[in-house]
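Trainee: I would like to learn how to read a structure like this one. Please take me through it step by step.

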Amino acid sequence: MLKRLSKDIKNLNIKKKTTIKDIANVLNISAAAVSKALNDDPRISKKTKKAVKQVAKNLNYQPNHLASALRKGKSNLVGVIVPRTNSNFFSSVIQNIEQVLNKEGYNIIITQSNESFKKECDNIDTLLFTQVDGIIASMANETIKLDYYEKVKAKGIPLVLFDRGENDLNVDYIGINDYDSSHVIVEHLVNQGCKRIAHIGGYQHTRIFNNRIRGYIDALKKYNLPLDDELLIESNLTTEDGRKKMTQLLELKNKPDAVYVASDYAALGALQILNEKKINVPRDIALVGFGDEPFTSMVTPTITSINQHSAKIGKQAALTFLSYTEKKSIKQKLNKIILDAELVIRESSNLKKLKQ
């Protein structure tokens, strides 16, 4: 039977997208029979199934997942939105989300905002159009308005936020204790003998960076250290921002003896400037980053940083989404999972070891 199909297939214009109807026409059977065969319906004979699948392969037939999702009310797709994918933290979170969800029959669609509010909104629109069963997201630095995330909630689609999220949304959230992280960092620097600690932070409208700033300020008060406005700088925390803000701090009349940076990428930029200007780290200025990116243990000197538990966050975010599918409806009790901070001490702030 299959040999006789070759002539019919050649006569079919396969430049257009192949449909179930095209396969049905080649085989001279109904479109309904083709659909059932493709879905291994037991009412269709093995011979017909084999013929249908062979023709589908020859015609490069691609199922319309969107149409299927609309019919079934389920796509088995989960959208993941991250600020950027070139970060080890976010790539690790994505990897662990995928590992958990794949085992349960879900695939993920990865989008990145590049820290742009507009791009983030476009991502949400695309994921909603694709009929995803849920969205797991970390917000862009530019995001202040929450309308698009409210739209996700209004549609009854499970929404789980990680790392960056806003309490006003009242959704599930998984992250580390950013406030306590700042306390841990400042206490470490104080124990190393630092007395004038600067902070290159993110923007205060983003909850995690606001918490890190509050933690930094309260920790300075706890240890009776000076809080100068010139020592607290907000930025987008890119490597270039780290270079610019470190240069700004070095231009101060009363320079800091330690700098706590709320991102390893910005900390790397800061370290580049310190090295270029032949400023000894940590003897002259101690440096601490945030995120424990792989490069922190490869540069000279190695950079002290906060481990954000990316693997745990990714797995828990996926499990939180799955908890919605188990209950078949939006949960009444929300998960707020906050992991403890873990400081990984390296050369850039280890003054005590330097003095030994």
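Trainee: Is Lys151 buried, exposed or partly exposed?

Mentor: Start with the cut-offs: buried means under 20% relative accessible area, exposed over 50%, and partly exposed in between (1.4 Å probe, protein chains only). Lys151 has a relative accessible area of 31%, so Lys151 is partly exposed. A word on the source: this is a predicted model, where local features need pLDDT of at least 70, side-chain atom pairs count only at pLDDT 80 or more, and totals for chains, interfaces and linings use all residues. Residues are numbered from 1 along each chain as its sequence is written, and side-chain values use heavy atoms, with hydrogens and water left out.

Trainee: Which side chain does Lys151 meet in a salt bridge?

Mentor: The general idea comes first. Side chains of opposite charge can pair when their charged atoms come close. The rule for a salt bridge is a side-chain nitrogen of Lys or Arg within 4 Å of a carboxyl oxygen of Asp or Glu. Here the partner of Lys151 is Asp125, at 2.8 Å from N to O. Lys151 lies in helix H8 (residues 147-154) and Asp125 in helix H7, so the pair ties together parts 26 residues apart in sequence. Helices (H or I, at least four residues) and strands (E, at least two) are DSSP runs, numbered from the N terminus. Asp125 is also partly exposed, at 30%.

Trainee: How many salt bridges does the rule give?

Mentor: The count is 12. One of them joins Glu115 to Arg164, with the closest N and O atoms 2.8 Å apart. Glu115 sits in the loop between E2 and H7, and Arg164 in the loop between strand E4 (159-162) and E5, so this pair ties parts 49 residues apart in sequence. Both residues are buried. Shared partners join Arg84, Glu115, Asp163 and Arg164 into one network.

Trainee: In what order do the strands of the open sheet run?

Mentor: Two strands pair if DSSP finds at least two bridges between them. In this model, 6 strands form an open sheet, ordered E2-E1-E3-E4-E5-E11, with parallel pairing. The edge strands are E2 (107-112) and E11 (336-339), each pairing on one side only.

Trainee: Which residues does Ser92 contact beyond its neighbours within four places in sequence?

Mentor: Contact means heavy atoms within 4.5 Å. Ser92 is in contact with Ser310 and Ala311. Ser92 lies in helix H6 (residues 88-103). At 14% relative accessibility, Ser92 counts as buried.
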